[in-house]
Amino acid sequence: MLTLLSNILSFRKIEIESLSDEEIARVIKLAVDNDVCGWLLWRLRRDYSDTELYAKAKEQLTPLVGATLLRNSVKSRVWNTIKEAMQKAGVACMPLKGCALIETYYPDKSLRDMSDIDFLVDISKVDEALRVIKAISTKTENVETSSFKLRFSHPHTTGMYWIGSVTLEMHVRLFTRNGFRNPTPPIEVKGDAMPVEYLLYHLTNHILYHKQRREGRIFLRWLIDIQQIFTKEAERTVEICSRALALNPFYASQMKEVWRRVITLLDDDMARYLSEALNITAIPIDDDFLSKGSYWGLMQDNILSFIGKMRCLMIMPSFLIKECLNRK
């Protein structure tokens, strides 16, 4: 049934006239569970508006899509507040995930639910960025992530700061604290627009992280995010993929494993073009792929994580000396 939902969400039209009531209910439930309600309703309205699935999905999902639009409007205002405060402090910040996607890649802001406000600042601006976040937050937890921890152990602040009911998640790395999961050399944050290859790298490795760390779950929505980038950037997709792979060759083969699933969500011509250009074959999206935990790169991740920690220990003394000098 997951493969059927994926096919409906793709840009290829399939036959869905003969679905039973039970199958329709399962498709709708899967869409809710995978945070793709808006995208399902949009695809059905465009290509399947005369089906019973569309009639039932419209009845059940329209309120959820309306709520998504309302939440997204609130979170967009929060993002503008963050961006303006950072600009005044001279700290460049780039949006990650939802903020970047709904503004640029989705046809409508109701088609993708935003969760936390994820954004990236340059690691050299940690202290200034933390001061800004503390100043504009309406709520914080008692334990705060220090600039020291952000530099050497945490990839981002985690559930520490809120504006209203919206959680702010400030990243200082494009991905995890594991230095080898991040691009090498580290990227610099200079403007407020996220280069598309950075966004693609982040989204793809977000999926891999959940496969390799055996925690959390994978949502079909994450694959739809990449589908939107590939579709919007059709003429540049191969170039963008190449730049994303070049950010960290350690994980090139694993990133392509994700894209093998994503190309099943594209139209036939685009899927065939990417398959040939990237030398990959399409694999249908199924329950096994979306389930947590996988053998992919577990040993590689463990080894590289250990090396990354050792590297932190080697450079930590220079950081401590600098901190002491700054305090004099």
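Colleague: What do the numbering and the values rest on?

Modeller: Residues are numbered from 1 along each chain as its sequence is written, and side-chain values use heavy atoms, with hydrogens and water left out. The model is predicted, so local features need pLDDT of at least 70 and side-chain atom pairs count only at pLDDT 80 or more, while totals for chains, interfaces and linings use all residues.

Colleague: Why is histidine 171 called buried?

Modeller: Buried means under 20% relative accessible area, exposed means over 50%, and partly exposed is in between, with a 1.4 Å probe and protein chains only. Histidine 171 has a relative accessible area of 3%, so the residue is buried. Its place is in strand 5 (residues 166-171); strands (E, at least two residues) and helices (H or I, at least four) are DSSP runs, numbered from the N terminus.

Colleague: What makes the pair histidine 171 and aspartate 118 a polar contact?

Modeller: A polar contact is a pair of N or O atoms within 3.5 Å; within protein, one must be able to donate a hydrogen and the other to accept it, and residues adjacent in sequence count only if both atoms are side-chain atoms. The side chains of histidine 171 and aspartate 118 are joined at 3.1 Å, so the pair qualifies. Contact in general means heavy atoms within 4.5 Å. Not counting residues up to four places away in sequence, histidine 171 touches several residues, including Asp118, His156 and His202.

Colleague: Which residues does methionine 170 touch?

Modeller: Methionine 170 is also placed in strand 5, and at a relative accessible area of 1% it is buried. Among the residues it touches, beyond those up to four places away in sequence, are Met86, Phe119, Ile133 and Thr157. The C-alpha atoms of methionine 170 and threonine 157 are 5.5 Å apart, although 13 residues separate the two along the chain.

Colleague: Why is the link between aspartate 21 and lysine 56 called a salt bridge?

Modeller: A salt bridge is a side-chain nitrogen of Lys or Arg within 4 Å of a carboxyl oxygen of Asp or Glu. For aspartate 21 and lysine 56 the closest N and O atoms are 3.0 Å apart, so the term applies. The pair links distant parts of the chain, with aspartate 21 in helix 2 (residues 21-33) and lysine 56 in helix 4 (residues 52-88), 35 residues apart. Both ends are partly exposed: aspartate 21 has a relative accessible area of 49%, and lysine 56 has 24%. Asp21, Glu52 and Lys56 are linked in a network of salt bridges.

Colleague: How many salt bridges does the whole structure hold?

Modeller: The search finds 17. One of them joins arginine 71 and aspartate 113, with the closest N and O atoms 2.7 Å apart. Arginine 71 lies in helix 4 and aspartate 113 in the loop between helix 5 (98-104) and strand 2 (117-121), so the pair ties together parts that are 42 residues apart in sequence. Arginine 71 is partly exposed at 36%, whereas aspartate 113, at 18%, is buried.

Colleague: What makes strand 1 and strand 2 a pair?

Modeller: Two strands pair if DSSP finds at least two bridges between them. Strand 1 and strand 2 have three bridges, in the antiparallel sense, so they pair. The bridge partner of methionine 94 is leucine 120 in strand 2. Five strands form an open sheet in the order 1-2-5-4-3, with mixed pairing. Strand 1 (93-95) and strand 3 (139-140) stand at the edges with a single partner strand each, so one side of each is left without a neighbour in the sheet.

Colleague: Which residues touch the most other members of the largest nonpolar core?

Modeller: A nonpolar core is a set of buried Ala, Val, Leu, Ile, Met, Phe, Trp, Tyr and Cys residues joined through side-chain atoms within 4.5 Å. Of the 76 residues in the largest one, these are Leu223 and Trp259. Helix 8 supplies the largest share of this core, eight residues.
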